[in-house]
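Please look over this structure with the notes below.

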Amino acid sequence: MAEAKDERRPPGELEAGVMAALWAADAPQTPGQVQQSLGVGLARTTVTTILSRLHEKGIVDRRRQGRGYAYFPVQDAHGLTARRMHTELDRDSDRHTVLARFVAQLSEDDERVLRDLLESGEQ
């Protein structure tokens, strides 16, 4: 029994699960509702902590509901991925080299998509 408790989830797994539950919902969700959606035996307090951290990071927003909060995502999954890419880019002082290496590692298809996006000015 102690072995199961000592097993650690990969970093970000719980946050990803919570975000998936929020994206799947058609309305803001309370921690209890998210807990039920996850169905993995997490304590409501754990879910509340995850939601609070996501709120502090600006990934979700919340509104008062009763004595607590109901949470909703600020961006869709694609927007969140783009945000993470920007965060990683901002961590390095040599943006030119980072971008050059990123582009050099793109597949031909991804390079074509990026080139088309840059030429069209689409966002």
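## Packing notes

Gly-121 counts as partly exposed, at 48% relative accessibility. For this term, buried means under 20% relative accessible area, exposed means over 50%, and partly exposed lies in between, with a 1.4 Å probe and protein chains only. Gly-121 sits in the segment after helix H7 (108–120). Helices here are DSSP runs of H or I with at least four residues, strands are E runs of at least two, and both are numbered from the N terminus. From Gly-121 to Gln-105 is 22 Å, C-alpha to C-alpha, across 16 residues of sequence.

The model is predicted: local features need pLDDT of at least 70, side-chain atom pairs count only at pLDDT 80 or more, and totals for chains, interfaces and linings use all residues. Residues are numbered from 1 along each chain as its sequence is written, and side-chain values use heavy atoms, with hydrogens and water left out.

### Helix pairs

Axes are lines fitted to C-alpha atoms, for helices over the stretch in contact, and angles run from 0 to 180 degrees between N-to-C directions.

| Helix pair | Axes come within | Crossing angle |
|---|---|---|
| H3 (residues 31–38) and H4 (residues 44–56) | 9 Å | roughly 110° |
| H2 and H4 | 10 Å | roughly 85° |
| H5 (residues 77–90) and H6 (residues 95–104) | 9 Å | roughly 130° |

Angles under 35 degrees count as roughly parallel, over 145 as roughly antiparallel, 65 to 115 as roughly perpendicular, and the rest as oblique.

Take H3 and H4. Their axes come within 9 Å and cross at roughly 110°. H3 is therefore roughly perpendicular to H4. On the H3 side, Pro-31, Gly-32, Val-34, Gln-35 and Leu-38 meet Arg-44, Val-47, Thr-48 and Leu-51 of H4. Contact means heavy atoms within 4.5 Å. By class, this contact has five nonpolar, three polar and one charged residues. Ala, Val, Leu, Ile, Met, Phe, Trp, Tyr, Cys and Pro count as nonpolar; Asp, Glu, Lys and Arg count as charged; the others, Gly among them, count as polar.

Next, H2 and H4. Their axes cross at roughly 85° and come within 10 Å. That angle makes H2 roughly perpendicular to H4. Leu-14, Glu-15, Val-18, Met-19 and Leu-22 of H2 meet Ile-50, Leu-51 and Leu-54 of H4. The classes are seven nonpolar, no polar and one charged.

Last, H5 and H6. The crossing is roughly 130°, with axes that come within 9 Å. H5 and H6 are therefore oblique to each other. Met-85, Leu-89 and Asp-90 of H5 make the contact with Arg-95, Val-98, Leu-99 and Phe-102 of H6. By class there are five nonpolar, no polar and two charged residues.

Leu-22 is in helix H2. Is Leu-22 buried or exposed? At 4% relative accessibility, Leu-22 is buried. Not counting residues up to four places away in sequence, Leu-22 touches Gln-29, Val-34, Leu-51, Val-60, Tyr-71 and Pro-73. Leu-22 and Val-34 are 12 residues apart along the chain, and their C-alpha atoms are separated by 7.2 Å.

Glu-15 also lies in H2. Glu-15 is partly exposed, with a relative accessible area of 22%. Neighbours within four places in sequence aside, Glu-15 contacts Ile-50, Leu-54 and Lys-57.

Leu-38 belongs to H3. Leaving out residues up to four places away, Leu-38 touches Gly-17, Val-18, Ala-21 and Val-47. Leu-38 and Ser-120 are 82 residues apart along the chain, with C-alpha atoms separated by 40 Å.

Thr-30 lies in the loop between helix H2 (13–24) and H3. Thr-30 is buried, with a relative accessible area of 19%. Neighbours within four places aside, Thr-30 is in contact with Gln-65, Tyr-69 and Ala-70.

Which residues lie over the ring of Tyr-69? Arg-62 lies over the face, at 3.9 Å from the ring centre. The charged end of Arg-64 sits over the ring too, 4.5 Å from its centre. A charge sits over a ring if NZ of Lys or CZ of Arg is within 6 Å of the ring centre and within 35 degrees of the ring normal.
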